[in-house]
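Please look at the structure below before reading on.

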Amino acid sequence: MSVLINKDSKVIVQGFTGGEGTFHAQQMIEYGTNIVGGVTPKKGGQEHLGKPVFNTVKDAVDQTNADVSIIFVPPAFAADAIMEAAESGIKVIVCITEGIPTADMVKVQAYIKNRDCTLIGPNCPGVITSEEAKVGIMPGFIFKKGKVGIVSKSGTLTYEAADQVVKAGYGISTAIGIGGDPIIGTTTKDAIKLFMNDPETECIVMIGEIGGQLEAEASHWIKENGTKPVVGFIAGQTAPKGRTMGHAGAIVGGKDDTAQAKMKIMEDCGIHVVSSPADIGKKVAEVLK
């Protein structure tokens with residue numbers, strides 16, 4: 001079992017023939033991901049990277065039975081791309097696009113609320129199940145098969161955590177980069193629940209940032225329901241109050257949004273908190289001994 005994606009996932013790429021879609025689709029194919037085609041309006045019937053191109057997601061699903069989509073569509077059109085994927089029956093939708101207007105994401109959130117799909121992102125690095133499937137933009141060579149799940153707001157820190165865990169002698173089951181925008185599909189708590197229910201994951205690394213309540217909500221859930229050890233880190237410890245730092249959602253609005261406040265909540269909820277990402281692998285090794 002794996003979380004969200006595996007070697008049998010049938011993946012399509014929305015924005016397939018564009019520059020970003022082409023580059024990352026090639027990387028995903030080389031990793032071993034089962035890319036079954038892509039979507040670019042008005043280019044249906046062509047072939048790209050040895051895969052068929054379709055005009056619509058519905059056409060792609062009808063002809064390939066695709067169940068996962070990754071979106072490389074410009075911000076102005078990305079919300080429509082997400083909703084099209086959901087309407088067409090895609091089960092896991094990964095949106096890489098950065099800069100989608102918040103008002104558009106409000107519409108997306110309402111649209112997919114009662115649909116049978118999971119949205120990862122937007123403005124995220126995607127999802128990777130080590131040595132099986134990469135649906136994202138992360139450097140695949142870092143991720144070795146193992147028992148540690150990663151959920152992170154930060155793309156770069158997702159890679160750093162994976163590298164630290166692998167160097168400590170452990171590997172990664174699945175890593176989920178949820179993105180740092182104010183409105184995202186899958187929250188930290190949602191991802192934690194997936195890992196808690198995954199028999200192949202024995203330990204979870206939870207990486208957050210200043211701003212918002214996602215980490216606090218996840219921490220309280222872990223305290224009440226957690227069955228596996230969680231190692232936590234919060235980025236932005238030196239950020240001044242009231243300053244937007246990094247991701248669009250990382251703005252400190254009150255005393256509970258600071259890195260220090262979040263770290264205390266996490267510790268109070270039984271999470272093994274580290275003060276530096278360089279200590280993640282070491283802490284994972286300690287809790288798994």
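## Helices α7 and α8

Helix α7 (residues 214-225) and helix α8 (residues 259-268) cross at roughly 10 degrees, and their axes come within 9 Å. Axes are lines fitted to C-alpha atoms, for helices over the stretch in contact, with angles from 0 to 180 degrees between N-to-C directions. The crossing angle makes α7 roughly parallel to α8 (angles under 35 degrees count as roughly parallel, over 145 as roughly antiparallel, 65 to 115 as roughly perpendicular and the rest as oblique).

The model is predicted: local features need pLDDT of at least 70, side-chain atom pairs count only at pLDDT 80 or more, and totals for chains, interfaces and linings use all residues. Residues are numbered from 1 along each chain as its sequence is written, and side-chain values use heavy atoms, without hydrogens and water.

In α7, Glu215, Ala216, Ser219, His220 and Lys223 meet Lys262, Ile265, Met266 and Asp268 of α8 (contact means heavy atoms within 4.5 Å). This contact has 3 nonpolar, 2 polar and 4 charged residues.

## Helices α5 and α9

Helix α5 (residues 155-167) packs against helix α9 (residues 280-288) at an angle of about 50 degrees, with the axes 7 Å apart. That angle makes α5 oblique to α9.

Ala161, Gln164 and Val165 in α5 meet Ile280, Gly281 and Val284 in α9. Here the contact has 4 nonpolar, 2 polar and no charged residues.

## Lining of the cavity

Ile100, Pro101, Thr102, Met105, Asp181, Pro182 and Ile183 line the largest cavity (a set of points on a 1 Å grid over the protein atoms alone where a 1.4 Å probe fits but cannot get out; lining residues have an atom within 4 Å of a point). The lining divides into 5 nonpolar, 1 polar and 1 charged residue (Ala, Val, Leu, Ile, Met, Phe, Trp, Tyr, Cys and Pro count as nonpolar, Asp, Glu, Lys and Arg as charged, and the others, Gly among them, as polar).

Note on methods. On a 1 Å grid over the protein atoms alone, a cavity is a set of points where a 1.4 Å probe fits but cannot get out, and a pocket is an open set with protein on both sides within 12 Å along at least five of seven lines; lining residues have an atom within 4 Å of a point. Helices (H or I, at least four residues) and strands (E, at least two) are DSSP runs, numbered from the N terminus.
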